Amino acid sequence: MKRRVIIEPFRIKAVEPIRMTTREERVGLIGAADYNLFALKSDDVLIDLLTDSGTSAMSAAQQAALLSGDESYAGSPSFFRFEAAVKHLMPFKHVLPTHQGRAAEAILFSLLGGAGRMVPSNTHFDTTRGNIEATGAEAHDLVIAEGTDPQSLHPFKGNMDLERLERFLETHGARVPCVMLTVTNNAGGGQPVSLANIRGVSELARRFGRPFIIDGCRFAENAFFIKEREAGQGDRAVSNIVRDMFSCADGMTMSAKKDAFANIGGWLALNDDELAQAARSRLILTEGFPTYGGLAGRDLEAIAQGLKEIVDEDYLRYRLRTSEYIGEGLLSLGVPIIRPTGGHAVFVDARGLLPHIPPLQYPGQALAVALYVEGGIRSCEIGTVMFGRRPDGTESPAPMDLVRLAIPRRVYTQSHADYLIEVFADVVAGKQALRGFVIDWQPSAMRHFTAKFRPL
Ligand code: F0G
């Protein structure tokens with residue numbers, strides 16, 4: 001029987017009009033933004049694939065839950081609903097709400113970081129790395145070799161290289177305050193980590209007496225990949241897989257702006273009583289009282305409801321199929337992408353697509369600008385602009401020059417995806433004429449957000 005199209009498993013109850021622009025208008029708008037897509041007004045974007053973070057469409061049930069938000073300073077029932085929803089999936093002893101993921105990271109590393117410390121992960125997300133380095137500690141990426149090979153079809157390209165981790169812990173053990181693991185591995189292409197690998201990391205961390213902390217931003221997508229790809233997992237409920245993932249860990253950081261369908265929010269969860277107590281004291285200083293953290297009661301309600309919806313398997317099937325569908329469309333045009341497609345995004349290999357633009361002229365930026373000019377699509381360079389500058393100010397090519405097409409949850413339909421593929425067809429047809437960029441101005445850190453570019 002022919003496989004039927006996997007439809008969006010929802011109907012649309014409220015709509016947000018898209019303001020149409022012409023190619024000519026967009027040429028002017030991107031020039032006025034110094035060719036930095038972060039400087040565009042979002043009204044001037046047709047399809048915004050800058051991030052899947054905080055951009056989800058909330059469900060009717062989440063909107064309804066907002067009204068039951070209790071805004072008491074202490075002991076709000078909204079907190080207890082939030083806490084129960086988290087603990088249902090992630091059985092940690094202490095759950096501290098924060099205003100987003102990076103606030104959880106900042107609190108954690110204010111306690112665990114410091115000069116001389118070293119924190120390994122598969123690949124740290126940039127805010128995690130930033131929060132570690134801000135304390136004087138070092139962040140180390142130990143993803144498997146396949147994880148940085150765009151063409152490798154390894155089913156779990158987010159896996160930690162367990163041999164390298166073991167050597168790392170043997171050599172530096174005393175300097176390692178915790179072992180981290182990002183699921184899915186955002187910076188490495190939205191690639192999943194297998195349950196076997198999560199268990200392997202957990203065993204090593206335990207053997208060396210180091211706490212194991214999961215960055216769980218896209219935990220549900222990771223769990224569905226485990227269900228689809230890992231031997232023996234296909235018949236299990238996603239929520240059980242999720243519980244297994246987190247039972248291996250001593251804590252987690254979370255951005256509820258991803259796999260909790262919330263527009264804002266996050267948390268830090270820990271098992272260790274003493275560490276949790278220190279984190280709570282820090283939370284009160286920087287975020288708020290422990291029963292609201294950095295959030296309003298209504299946000300806690302939206303997260304609690306979102307966590308129930310995110311493990312819905314019809315949703316997750318549609319979700320992962322969306323990136324796969326876009327990926328297939330791009331491959332049919334000969335556009336090199338990271339394969340297999342990740343969960344929340346399609347990562348285009350801009351260096352492969354535009355070999356005539358050298359890495360230090362930012363092929364990823366060239367592609368991102370072209371997608372905006374041709375079709376009003378906003379994407380994000382993840383390459384030499386983002387990672388190419390060393391702390392001493394020198395520059396070298398990042399390992400890959402990627403452009404991320406991040407897919408907001410439940411926001412766009414299949415015709416938006418078809419349009420995106422059509423825009424790519426036009427960009428591919430004119431790719432020889434695309435040129436790189438120079439940076440005219442940049443700040444000393446996190447330059448991708450505010451750098452000013454000039455076309456060559
Ligand atoms: N960890 C990962 C893996 C992330 O992808 C992000 C955010 C964070 C931590 C930080 O969470 O934004 O709530 O403070 N990623 C967004 C993105 C910004 O576009 O990928 P936050």
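The model is predicted, so local features need pLDDT of at least 70 and side-chain atom pairs count only at pLDDT 80 or more, while totals for chains, interfaces and linings use all residues. Residues are numbered from 1 along each chain as its sequence is written, and side-chain values use heavy atoms, with hydrogens and water left out. Helices (H or I, at least four residues) and strands (E, at least two) are DSSP runs, numbered from the N terminus. Two strands pair if DSSP finds at least two bridges between them.

**The five-stranded sheet**

- Five strands, in the order E2-E8-E7-E6-E5, make up an open sheet with mixed pairing.
- Strand E2 (94-98) and E5 are at the edges with a single partner strand each, so one side of each has no neighbour in the sheet.
- From one strand to the next, the twist averages 15 degrees; axes are lines fitted to C-alpha atoms, for helices over the stretch in contact, and angles run from 0 to 180 degrees between N-to-C directions.
- E2 and E8 run antiparallel and are joined by five bridges; Pro97 has Trp267 in E8 as its bridge partner.
- Buried means under 20% relative accessible area, exposed over 50%, and partly exposed in between (1.4 Å probe, protein chains only).

**Helices beside this sheet**

- Helix H10 (residues 273-286) lies across E2 and E8 and runs at about 20 degrees to E2.
- A right-handed β-α-β unit is made by E5, helix H7 (residues 195-207) and E6. A crossover is right-handed if, with the strands pointing away from the viewer, the path from the first strand over the helix to the second runs clockwise.

**The three-stranded sheet**

- Three strands form an open antiparallel sheet in the order E9-E12-E11.
- Its edge strands, E9 (345-349) and E11 (380-382), each pair on one side only.
- The twist here averages 30 degrees from one strand to the next.
- E9 and strand E12 (residues 402-406) are paired antiparallel over five bridges, and Val346 stands opposite Leu405 in E12.
- Helix H14 (residues 363-375) lies across E9, E11 and E12, at about 40 degrees to E12.

**Helix H8 and the cores**

- Nine of the eleven residues of helix H8 (residues 219-229) are buried, among them Phe219, Phe224, Phe225 and Ile226.
- The cover over the buried residues of H8 includes helix H3 (77-89), H7, helix H9 (238-247), strand E7 (251-255), helix H11 (297-310) and helix H12 (313-332).
- The largest nonpolar core has 59 residues, of which Phe219, Met245 and Trp267 touch the most other members. A nonpolar core is a set of buried Ala, Val, Leu, Ile, Met, Phe, Trp, Tyr and Cys residues joined through side-chain atoms within 4.5 Å.
- H8 gives this core six residues, the most of any contributor.
- Another core, of 44 residues, lies apart from it and includes Ile30, Val369, Leu434 and Ala451.
- In soluble globular proteins, nonpolar side chains tend to be buried together.

The contact lists below do not count residues up to four places away in sequence; contact means heavy atoms within 4.5 Å.

- His124 is in the loop between strand E3 (118-121) and helix H5 (126-133), and it counts as buried because its relative accessibility is 4%.
- A polar atom of the His124 side chain lies 2.8 Å from the backbone oxygen of Val119. Residues that His124 touches include Arg129, His140, Asp141, Met180 and Thr182.
- Ala260 lies in the loop between E7 and strand E8 (266-270) and is buried, with a relative accessible area of 0%.
- Ala260 and Ile303 are 43 residues apart in sequence, yet 5.6 Å apart in space, C-alpha to C-alpha. Ala260 also touches other residues, including Gln62, Met254 and Gly306.
- Gln305 is in helix H11 and touches Ala61, Gln62 and Ala65.
- The side chains of Gln305 and Glu309 are joined by a polar contact of 2.7 Å. A polar contact is a pair of N or O atoms within 3.5 Å; within protein, one must be able to donate a hydrogen and the other to accept it, and residues adjacent in sequence count only if both atoms are side-chain atoms.
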